[in-house]
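Let's take a walk through this structure together. Have a look at it first, and then we'll go through it piece by piece.

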Amino acid sequence: TTPDAGTKAGAQIPAKTYFGAAKTGAPLPPRAFGSYAKGCLAGGVALKTETDAWQAMRLSRNRNWGHPKLIELLDRFANDMKTKEKWPGLLIGDLAQPRGGPMLTGHKSHQLGLDADVWFKPMPKKVMTRAERETLEPLLLAEDNGTTVITKNWDEGFVRLIRRAASYPEVERIFVHPAIKREFCKVKDTDRSWLKKVRPMWLHNYHFHIRMSCPAGSPACEHQKPPPNDDDGCGKEITDWIAMVSRPPKPEPKPTIPVKPAPPPPVLTLEKLPPQCREVLTAGEPQEKHPPLPVVAKPAAKAGAKTAAATKAAKKANSDYSGPSP
């Protein structure tokens, strides 16, 4: 592919097209680049499909990949729940694609290999077939617009489940439906510090979302602002969330004149991701497996303006990685 052809063919191809086509992890040192909703993953490894402590769900999606530190965390969490909390085992949903990045469908986050969805439904006693893992119905703990949990589906074991997940220092956030967070707020624990990590979020009503902080050795991973240290989120924050989630949608007004359709959302292209994501995409895989990558345009240098400092900065910006090796 010539540079001109690459630019024309690839410039407006959504980044999710490239990352959705990858079938294996990038054979590079494990690193997360960018933010949870705009980044990629090098050195990702696949979660085992089953052990005595968990079974991976919806395997056809090939989204059971993560940073090795996430895989280690899930292994520790699942085994702690089984041995210390007497939980039957975890059903683990989506992690990330093999090389992270934006997904073809669904999640906006899960791009760094540091996010994992875990079902509230306990693991069955038997090892499920692949077909069963595609069709098993999850356990719904709240309606999408619900303000309280579904009583018949609630179990006090869910408190132990989330408290244990929040106990690990590397877990930065745990997202749950606002009604579930409000139910957790009723717990009479003397130490309520774990509740600070449990954050209300739309639609997380049959699973909870574990988010790890940026691991050591990933200097290009963008840290999130930590939750407030002095607030368990059980006051005004959860009250406001309950009001938002229960608010009925506004009825669509009947148009009296033709309405101009809203412009489509901007395409998240490869150029909008960290520059290291190009190497993540192509490492270890033949180029013909991908659509032609768009060529990065190099601005013309003005005469006499190129200094040693500018040259060093340009090399750093276009290098495969920055910072020390893990």
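Before we start, one term: a residue is buried with under 20% relative accessible area, exposed with over 50%, and partly exposed in between. Lys126 has a relative accessibility of 46%, so this residue counts as partly exposed. Its salt-bridge partner is Glu132, with the closest N and O atoms 2.6 Å apart. Glu132 is partly exposed too, at 27%. Keep in mind that what you're looking at is a predicted model.

Now for the big picture. The protein chain has nine helices and 10 strands, and 44% of its 326 residues are buried. If you take the contacts with a separation of 6 or more, 78% are between residues 24 or more positions apart.

What do they pack against?

The chain has 10 aromatic pairs. In one of them, the ring centres of Phe120 and Phe208 are 5.3 Å apart and the planes sit at 55°, so the pair is tilted. Phe120 is in the loop between strand S7 and helix H4, while Phe208 is in strand S10, so the pair ties together parts 88 residues apart in sequence. Both Phe120 and Phe208 are buried.

Stay with S10 a moment, and move on to charges. There are 17 salt bridges in the count. Arg211 makes one with Asp115, with 2.6 Å between the closest N and O atoms. Arg211 sits in strand S10 and Asp115 in strand S7, so this pair ties together parts that are 96 residues apart. Arg211 and Asp115 are both buried. Arg211 also lies over the face of Tyr36, 4.3 Å from the ring centre.

Another bridge joins Arg199 and Glu237, at 2.8 Å from N to O. Arg199 is in strand S9 and Glu237 in helix H7, 38 residues apart. Arg199 is buried at 13%, whereas Glu237 is partly exposed at 24%.

Finally, step outside. Trp202, Leu203 and Met244 make a nonpolar surface patch with about 290 Å² of accessible area together. Leu203 is found in the loop between strands S9 and S10.

Conventions: Residues numbered from 1 in each chain as written. Predicted model: local features only at pLDDT ≥ 70, side-chain atom pairs only at ≥ 80, totals over all residues. Heavy atoms only, no water. Patch = residues over 30% accessible without salt bridge, like charges linked within 9 Å, V, L, I, M, F, W, Y side chains within 5 Å. Areas by Shrake-Rupley, 256 points an atom, 1.4 Å probe, with all protein chains shown as cover. Salt bridge = Lys/Arg side-chain N within 4 Å of Asp/Glu carboxyl O. Helix = DSSP H or I, 4+ residues; strand = E, 2+ residues; numbered from the N terminus. Phe/Tyr/Trp six-rings, centres within 6.5 Å; stacked < 30°, edge-to-face > 60°. Buried < 20%, exposed > 50% of the residue type's maximum accessible area, 1.4 Å probe, protein only. Lys NZ or Arg CZ within 6 Å of the ring centre and 35° of its normal. Contact = heavy atoms within 4.5 Å.
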